[in-house]
Every structure is written in C-alpha cells, then in structure tokens.
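Colleague: I would like a close look at one part of this model. Please keep the answer to what can be computed from the atoms.

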Amino acid sequence: MSEMICENIKKVTDRIAQACSRAGRSPEEVQLVAVSKLKPLQDIKTAFECGQLHFGENRARELQDKMEAYDEDRVRWHMVGNLQTNKIKYMAERVNWIHSIEKKKYLREIEKRASRIDRVINTLVQINISGEDQKSGCNAGDVKEILEYAQGLQHVRVRGLMGMATFVDPDQAEQVRPQFQMLRRIRDEHRSYESGNVRLEHLSMGMTNDMEIAIEEGSTMVRVGRAIFGERNYK
C-alpha cells in the first residue's frame, strides 16, 4: 500500500507538471491537496513520508479526529467539504485552510474562534460553478458582500475562490472547461476588493478526473483523492 501511494503521488505530480507545461506555467504554481476522505490515518502518514504536506477532508468530524491523532506540525490541513457553523470550533486550533466559505456567518465564526487562540486561518469563497442544486457554494452575486465583510477581519484571510465542476469521466473533462473559466472570471472581476485580509491569488479547482483542464484555466490548488489513495469504501 505504501509503495502504491508513493507511486500514485508521483503520477499525479507528473500530470500536474505536464498540464503546467501545456499552459506555460510552473508546476510550483499548483499546490496538490491530497483528499483522504474515508481513508485511514496510516495512509496520510504514508503520503507524508512520500513528501506530501497538504491534506484535505470533506467531513468536519473526520478532519478533527485526524488532526488530533496526527501531531505533525509540518502537515497543512484543508477543510474542503460542506461547512457548518457549529463545527468550526473543533477545527480552529489546527486547520490551515477552509475552502468552503459560502456565507458571511462562517467568516464571523472563524474570526471569533481564531481570535481566542491568536491564529490566522486561510479561507476560500466557494462558488457554485456547476449550477447543480446538490453542490454547495454561493452565487457570483454574493461574492462582493462576503469580500467586503472579510476586509475588516483580523484572524481570517480570504485567499481566493473554490469551485466544484460537474462530475465527468476523464475523457469528457473538456466539457467542464467553461465552469473553470467562469470561476477565474469571477475572481478577476473581484480583484478590486483586495484589501486588508482579502488577497485573491488562489483558485481551488480541479479533481482527479479534470485537474488538467483546471490547471490550464489557472488553478493553483487541485484536490485529489482517488488518484492517490484509491477508490473509497462508502459502506
């Protein structure tokens, strides 16, 4: 298993490098976030030993449990799934990035919790770029209000936007290019709100099946699970 995970990380980083080459970008511009949803802590430790530092979780409780069980300061923890206000207090002490901000109330709660322990937490505003009802994220029209609110915060940084494209098979990934283009366009249209703790340098978009298209369209973070850890067992 450990050899498989290390080999998979190498394959994914090669895919990132090839996509960057086609786009005229440096691979250093793209951060790989290994999403270990439903995978054992040992898989995270193995990936860390292979050089992977950034790990993402979709569920607040699973993130909390893994952060508490793995006391490794070099690991950077990302919350990439749906956020609930009452769960923020459990992650504020260790989480480094929260990708799923879709309302001001989440920023308010993060600010409150982080200020008590004098931490600064990086966040991304999630946009529903697929238009699917089951996908989380705010509308483009909500971004202005969220960013204006964030400008006055001291313990929360808004570092960019996140989006989840429609799920497609790898040979159909070209179909979601317009969704990634939309997220980049929304980011660019809101650059004028960069002030205080708002700096919109990041685009978190692209997963196992569509990361190359996302990178070609400007992604700076790809969230990859299956291509690293294998298929998940939901039973």
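How much space lies in the second largest pocket, and which residues line it?

Modeller: The model is predicted, so local features need pLDDT of at least 70 and side-chain atom pairs count only at pLDDT 80 or more, while totals for chains, interfaces and linings use all residues. Residues are numbered from 1 along each chain as its sequence is written, and side-chain values use heavy atoms, with hydrogens and water left out.

The second largest pocket holds about 160 Å³ of space. A pocket here is an open set of points on a 1 Å grid over the protein atoms alone, where a 1.4 Å probe fits, with protein on both sides within 12 Å along at least five of seven lines; lining residues have an atom within 4 Å of a point. The volume is the space filled by probe spheres set on the points, which are joined across faces, edges and corners.

Its lining consists of I9, T13, I16, A17, P27, V30, Q31, L32, G51, Q52 and L53. Helix α1 gives the largest share, four residues; α1 and β1 (31–35) each supply at least two. By class, seven lining residues are nonpolar, four are polar and none is charged.

Key: Nonpolar A, V, L, I, M, F, W, Y, C, P; charged D, E, K, R; others polar.
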